[in-house]
Number of protein chains: 2
Amino acid sequence: MTEMKENLLDWLRDAHAMEEQAEQMLRAQAKRIEHYPAVRQRIEQHLEETLGQQRLLKSSIERLGGSPSTAKDLMGRMMAFGQAAGGMTNSDEIVKGAISSYVFENLEIATYTALIAAAKAVGDIETQRVCEQILPQEQAMAQWVLEHLPQLTEEFLSRDAAPNVEAKR
Amino acid sequence: MTEMKENLLDWLRDAHAMEEQAEQMLRAQAKRIEHYPAVRQRIEQHLEETLGQQRLLKSSIERLGGSPSTAKDLMGRMMAFGQAAGGMTNSDEIVKGAISSYVFENLEIATYTALIAAAKAVGDIETQRVCEQILPQEQAMAQWVLEHLPQLTEEFLSRDAAPNVEAKR
């Protein structure tokens, strides 16, 4: 049981670091976006959710006797990707940014799916409950982005093809 | 229309580079996995699909007068993540590897969703058809991984907690 609990605690720490990276990415994206107000609004909504998720994860980590720390190896690399996604300024950044958001949300979905299974295996009902509360917020954000991606792509292409219209953000 | 076509061609090149990275990641993972045969088998199946996708994308790129090239900026970073995911050897690599596969599949899902919209906007029916053929393969792989993730997590935790049993791969 000790090994299981340690794995659970490690993964909760990874999740907390992931949500800190999510916060940075969302803040950077919301700040950059100018011509796509619906996207900015949805990002700002999810930023609020993300801050709540950080608090929930922190309390679970502390209840298990740990404290939040930086992410290790793979998660660290994934975070770096999130950081890059937040700082993008290429000519198609609105489309690539939406793709990155969707990808990052799916990292979160997989992380909480594994965490729920781990919390169940350990018998940590409170952590299970926390992760089951967070997961639908990530699913909703991922779904919103994917549903709006075709229209956003068309809008970007139209703006990009028009003379004297900024398209990228 | 020229700008639109150039965007489409750029994104097709990104997709081709992405599938080359997918191939490397899948090969590396299939080679490492020892104690989770169902996962290895599904990865090998998707590797075959990935090779077919590369051929389809290459023919679309060439039809538009281009040639495959390396990925740029964001996609390049995402590829690096895939490369890291393929080469992972941490203590929980089977779980982190499954999460990475799921994340990478979702990068592919978002990429083809945007590409389908772009092909429609340009009126390139053949590219649209190609991407609509590839997308369900990515969705099926992503769904398989997510559905099996809870059981895989439990299995990993049990093996990890047992004495003298290798759990990580």
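**View 1. A bend in helix α5 of chain A.** α5(A) bends by about 45 degrees at A:Leu149, and a proline, A:Pro150, follows within four residues. The bend is the angle between axes fitted to the seven residues ending at a residue and the seven starting there. Helices here are DSSP runs (H or I, at least four residues), and strands are too (E, at least two), numbered from the N terminus. This is a predicted model, where local features need pLDDT of at least 70, side-chain atom pairs count only at pLDDT 80 or more, and totals for chains, interfaces and linings use all residues. Residues are numbered from 1 along each chain as its sequence is written, while chains are lettered from A and ligands numbered from 1 in the order in which they are written.

**View 2. Chain A as a whole.** Chain A has five helices and zero strands. Of its 169 residues, 51% are buried (20 or more other C-beta atoms within 10 Å of a residue's own; 12 or fewer is exposed, in between is partly exposed; C-beta atoms are placed from the backbone).

**View 3. Helix α2 of chain B, end to end.** How far apart are the end C-alpha atoms of α2(B)? They are 40 Å apart, which agrees with the 39 Å that its 27 residues should span at 1.5 Å a residue (1.5 Å times one less than the number of residues). Its buried residues include B:Val39, B:His46 and B:Leu57. The buried residues of α2(B) pack against α1, α4 and α5 of chain B (contact means C-beta atoms, placed from the backbone, within 7 Å). After the helix comes B:Gly65, with a positive phi near 85 degrees.

**View 4. α2 meets α5 in chain B.** The axes of α2(B) and α5(B) come within 10 Å and cross at roughly 160 degrees (axes are lines fitted to C-alpha atoms, for helices over the stretch in contact, with angles from 0 to 180 degrees between N-to-C directions). The two helices are therefore roughly antiparallel to each other (over 145 degrees; under 35 is roughly parallel, 65 to 115 roughly perpendicular, the rest oblique). Among the residues making the contact are B:Arg42 and B:Glu49 of α2(B), and B:Gln137 and B:Trp144 of α5(B).

**View 5. Zooming in on B:Gln45.** B:Gln45 sits in helix α2 of chain B. Is B:Gln45 buried or partly exposed? B:Gln45 counts as partly exposed, because it has 15 C-beta neighbours inside 10 Å. B:Gln45 and B:Met141 are 96 residues apart in sequence and 9.4 Å apart in space, C-alpha to C-alpha.

Technical notes
Two residues are in contact if their C-beta atoms, placed from the backbone, lie within 7 Å.
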